[in-house]
Amino acid sequence: LTMYCCILALSWMGAQMIVGSTLTTGELMSLFTYTMNILMSLMMLSMIFVMLSMSMASAQRIAEILEEKPSIVNPENPVMTVADGSIEFDHVAFGYYTGKDKYVLEDINLKIKAGETIGILGPTGSSKSTLMSLIPRLYDASEGTVRVGGVDVRDYDLDSLRNSVAMVLQKNVLFSGTILDNIAYGLEHVTEKEVMEVIKDVGLEDMIEKLPDGIYTQLGEHGDKLSGGQRQRISIARALIRKPKI
């Protein structure tokens with residue numbers, strides 16, 4: 001509005017001055033040019049205030065995340081060693097929101113021996129993944145107790161507990177790099193022999209042998225060069241190479 005009002009006012013005044021022979025057409029065009037330069041600078045100045053207000057809102061959100069205190073923390077004297085891979089759910093209930101009517105798991109009683117393989121079946125949204133997430137203490141049970149190796153998971157050191165549990169979820173995250181890099185991700189000392197052993201365990205040996213660079217083959221962004229099943233198997237190999245108790 002300000003810009004067009006200035007142009008209209010300048011046009012009217014310029015026309016009057018040209019008729020009165022106090023201003024030439026060229027000088028009027030110069031006035032238009034200088035006025036537009038000034039107005040554009042003022043518009044940029046107003047954009048600075050807009051960006052400042054947006055930046056302040058974004059900074060507040062970032063600060064909220066940085067200052068957030070995690071609800072799941074280590075106990076004062078944590079247990080540092082997981083004895084074995086046995087798991088026990090003792091009258092466990094869990095809800096993402098407060099209130100018993102909000103529970104997605106209720107009165108779960110389950111005992112799994114170390115080394116035992118268990119299948120938990122159910123339709124989509126029946127909280128199978130939530131049940132698994134209680135074992136490495138990604139969430140704390142709302143009621144009851146989850147025990148690993150005979151010890152309440154809330155008594156363990158978080159790093160020790162989570163290093164003893166390997167999870168492969170529905171969505172597999174692979175990154176740009178070699179097959180070796182993706183399988184040994186997060187481990188400092190892994191031999192090529194160990195990698196080949198887990199590759200054989202997950203049934204990828206034939207595929208690796210056909211590749212020109214073997215385990216040093218570049219996968220591309222998100223492992224796009226592989227099929228969905230192959231990406232899943234590499235994720236399983238990544239879990240197995242850690243030799244977790246669970």
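Helices here are DSSP runs of H or I with at least four residues, numbered from the N terminus. Gln60 has its place in one such run, helix α2, which covers residues 25-67. The model is a predicted one.

**Overall build**

The protein chain contains eight helices and four strands. Read from the N terminus, its elements follow the order α-α-β-β-α-β-β-α-α-α-α-α. The radius of gyration of the protein chain is 32 Å, well over the 18 Å that the globule rule gives for 246 residues, so the chain is more spread out than a compact globule. Along the principal axes, the C-alpha atoms occupy a box of roughly 105 × 55 × 40 Å.

Buried residues make up 28% of the 246 in the protein chain. Among contacts with a separation of 6 or more, 67% are between residues 24 or more positions apart. The accessible surface of the protein chain is about 16700 Å², and carbon and sulfur atoms contribute 58% of that area. As for charge, the protein chain carries 22 positive and 30 negative side chains. The centres of these two sets are 4 Å apart.

| Residue | Element | Relative accessible area |
|---|---|---|
| Gln60 | helix α2 (residues 25-67) | 52% |
| Asp152 | strand β4 (residues 151-152) | 16% |
| Ala237 | helix α8 (residues 228-240) | 0% |

Gln60 counts as exposed because its relative accessibility is 52% and the class begins over 50%. Gln60 and Thr124 are 64 residues apart along the chain, and their C-alpha atoms are separated by 37 Å.

Asp152 is buried, since its relative accessible area is 16% and the cut-off is under 20%. A polar atom of the Asp152 side chain lies 3.0 Å from the backbone nitrogen of Arg154. With neighbours within four places in sequence left aside, Asp152 is in contact with Thr145, Val146 and Arg147.

Ala237 is also buried, with a relative accessible area of 0%. Its contacts, again leaving aside neighbours within four places in sequence, are with Ile183, Val198 and Val202. Ala237 and Tyr4 are 233 residues apart in sequence, and the distance from C-alpha to C-alpha is 67 Å.

Terms used. Residues are numbered from 1 along each chain as its sequence is written. This is a predicted model: local features need pLDDT of at least 70, side-chain atom pairs count only at pLDDT 80 or more; totals for chains, interfaces and linings use all residues. Side-chain values use heavy atoms; hydrogens and water are left out. Helices (H or I, at least four residues) and strands (E, at least two) are DSSP runs, numbered from the N terminus. The radius of gyration is taken over C-alpha atoms; the globule rule is 2.2 Å times the number of residues to the power 0.38. Buried means under 20% relative accessible area, exposed over 50%, partly exposed in between (1.4 Å probe, protein chains only). Contact means heavy atoms within 4.5 Å. Accessible areas come from the Shrake-Rupley method with a 1.4 Å probe; for residues, only the protein chains shown count as cover. Lys and Arg count as positive and Asp and Glu as negative; His and the chain ends are not counted. The place of a charge is taken as NZ of Lys, CZ of Arg, CG of Asp or CD of Glu. A polar contact is a pair of N or O atoms within 3.5 Å; within protein, one must be able to donate a hydrogen and the other to accept it, and residues adjacent in sequence count only if both atoms are side-chain atoms.
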